[in-house]
Amino acid sequence: MTVNADGAAAAAPYPAAPAGPPGPGREPEPAPELVQLLTPEGEPVEHPEYAIGESADEIRALYRDLVLVRRIDTEAISLQRQGELGIWASLLGQEAAQVGSGRALGPRDMAFPTYREHGVAWCRGLDPMQLFRLFRGVSNGGWDPADHNFHLYTIVIGSQALHATGYAMGIQRDGAVGNDPAGADGGTAGEAVIAYFGDGATSQGDVNEAFIWASVFNAPVVFFCQNNQWAISEPLEKQSRIPLYHRARGFGFPGVRVDGNDVLACKAVTRKALQAAYAGQGPTLIEAYTYRMGAHTTTDDPTRYRLQSELEAWKLKDPIERVKAYLVRAHGADAGFFQQIDREADELGERIRREVRSMPDPGPLEIFGNVYAEPHSLLAAERDQYAAYLDSFADTEQEAAQ
Ligand SMILES: Cc1ncc(C[n+]2csc(CCOP(=O)(O)OP(=O)(O)O)c2C)c(N)n1
Ligand SMILES: [Mg+2]
């Protein structure tokens, strides 16, 4: 069954997307459809195109991911409040969208994140300490994207959609598309690209240009938009008069809206879109309909622009609680299982606090080693100049001491 956004409102309200204004010769927008496999209460939902294909153990593993990713996030907020991190962009509420899509990726797929994809980073195997080094300001930039097929965080809104599309066109030209037409081997032979961005990013020129390039060149890229309803203080209504996933049709490729708080649905929808890309069918836009339960970042105060009642409604759709209910009811998970995951989360929290507090600051010249892979004469000259400048303070200090 396809759950329509208005239909779901009876059990747990999903606010309807704004319809275009009716006028002469204008058809009203069709009601948005939402792919959901697990209701907020943890009841399985039948769908004609998608099904829950995971074993009990696989669902337990997804639950573990969700809990540990949330713990990374809550520890980060506390550490920022204690002055240990410069800033943090919380993913609270978006764990299912990230874990579902992240676990759908095959080993060869390349992910291009924004600055909020801590859950995808986790699924790609990036040590969370890499994220903390970045947000503490001691990493001089990030990590090697090739290590985990997970690109650097991107602050410039939407620009990674173009990077991802260019990368996808590159692997297409390398002959990687069509190696895994049926998505056999769990996608291990397939190769595609996924670009993450938010609802606000869909208003950026870069994202629209990426849609055009991807469509025209049939690039193997999945556009994964986490519609968390807000772009800092700008509500979705200021970005679009139609559901975001409907936009894909105008660019010439399919769009699908999935319940972004349903990890199983997010995984199934992303898997299918990747398989289409593997098989040479081109791009898909996935709109993961979700909610940013926290502030935009630790420097933001959402109480200044949104109502508490909105947050309360979304708390009832918590991505973790529904998997927990489903595991108990359908797979007999007992208290011992949940306690074991909580213990693991506590251990992760302790490790994060311990290691973040003891992260060394980089030396002032280290940044020069992070610019180019090969030596560069101009950069070497700049480095020497800066080293001499730093040395000049040593003289001053010596003089002052005499
Ligand atoms: C090109 C550009 N313009 C503006 C900003 C400032 N800015 C940072 S986050 C943000 C909102 C992004 O909203 P959305 O795409 O919905 O992502 P979310 O933060 O909600 O995940 C803006 C405007 C920026 N980083 N880059
Ligand atoms: Mg947003």
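**Entry 1: Arg322 and Asp259**

I looked up arginine 322 and found it in a salt bridge with aspartate 259, with the closest N and O atoms 3.0 Å apart. I noted the rule: a salt bridge needs a side-chain nitrogen of Lys or Arg within 4 Å of a carboxyl oxygen of Asp or Glu. Arginine 322 lies in helix H11 and aspartate 259 in strand E8 (residues 255–259), so the pair ties together parts that are 63 residues apart in sequence. Helices (H or I, at least four residues) and strands (E, at least two) are DSSP runs, numbered from the N terminus.

Next I asked: are these two buried or exposed? Arginine 322 is buried, at 0% relative accessibility. Aspartate 259 is buried too, with a relative accessible area of 0%. I wrote down the cut-offs: buried is under 20% relative accessible area, exposed is over 50%, and partly exposed is in between (1.4 Å probe, protein chains only).

**Entry 2: What I am looking at**

This is a predicted model, in which local features need pLDDT of at least 70 and side-chain atom pairs count only at pLDDT 80 or more, while totals for chains, interfaces and linings use all residues. Residues are numbered from 1 along each chain as its sequence is written, chains are lettered from A and ligands numbered from 1 in the order in which they are written, and side-chain values use heavy atoms, leaving out hydrogens and water.

I picked glutamate 43. Its partner is arginine 329, and the closest N and O atoms are 2.8 Å apart. Glutamate 43 sits in the loop between strand E2 (33–34) and H1, and arginine 329 in helix H11 (residues 319–331), so the pair ties together parts that are 286 residues apart in sequence. Glutamate 43 is partly exposed, at 37% relative accessible area.

Then I took lysine 272. Its side chain meets that of glutamate 49 in a salt bridge of 2.7 Å, N to O. Lysine 272 is in helix H9 (residues 263–278) and glutamate 49 is in the loop between E2 and H1, so this pair ties together parts that are 223 residues apart in sequence. Lysine 272 is partly exposed at 37%, whereas glutamate 49 is exposed at 52%.

I also found a network of salt bridges linking Arg71, Glu75, Asp346 and Arg353.

**Entry 3: H1 and H2**

I turned to helix H1 (residues 56–81) and helix H2 (residues 95–104). Their axes come within 10 Å and cross at roughly 130°. That makes H1 oblique to H2. Axes are lines fitted to C-alpha atoms, for helices over the stretch in contact, and angles run from 0 to 180 degrees between N-to-C directions. Under 35 degrees counts as roughly parallel, over 145 as roughly antiparallel, 65 to 115 as roughly perpendicular, and the rest as oblique.

In H2 I checked glycine 102. Glycine 102 is buried, at 4% relative accessibility. Glycine 102 and lysine 267 are 165 residues apart in sequence and 7.7 Å apart in space, C-alpha to C-alpha.

**Entry 4: Glutamate 33**

Glutamate 33 is in strand E2. At 46% relative accessibility, glutamate 33 is partly exposed. Glutamate 33 and proline 243 are 210 residues apart in sequence, but 9.5 Å apart in space, C-alpha to C-alpha.

**Entry 5: Valine 216**

Last, I looked up valine 216, in helix H7 (residues 205–216). Valine 216 is exposed, with 62% relative accessible area.
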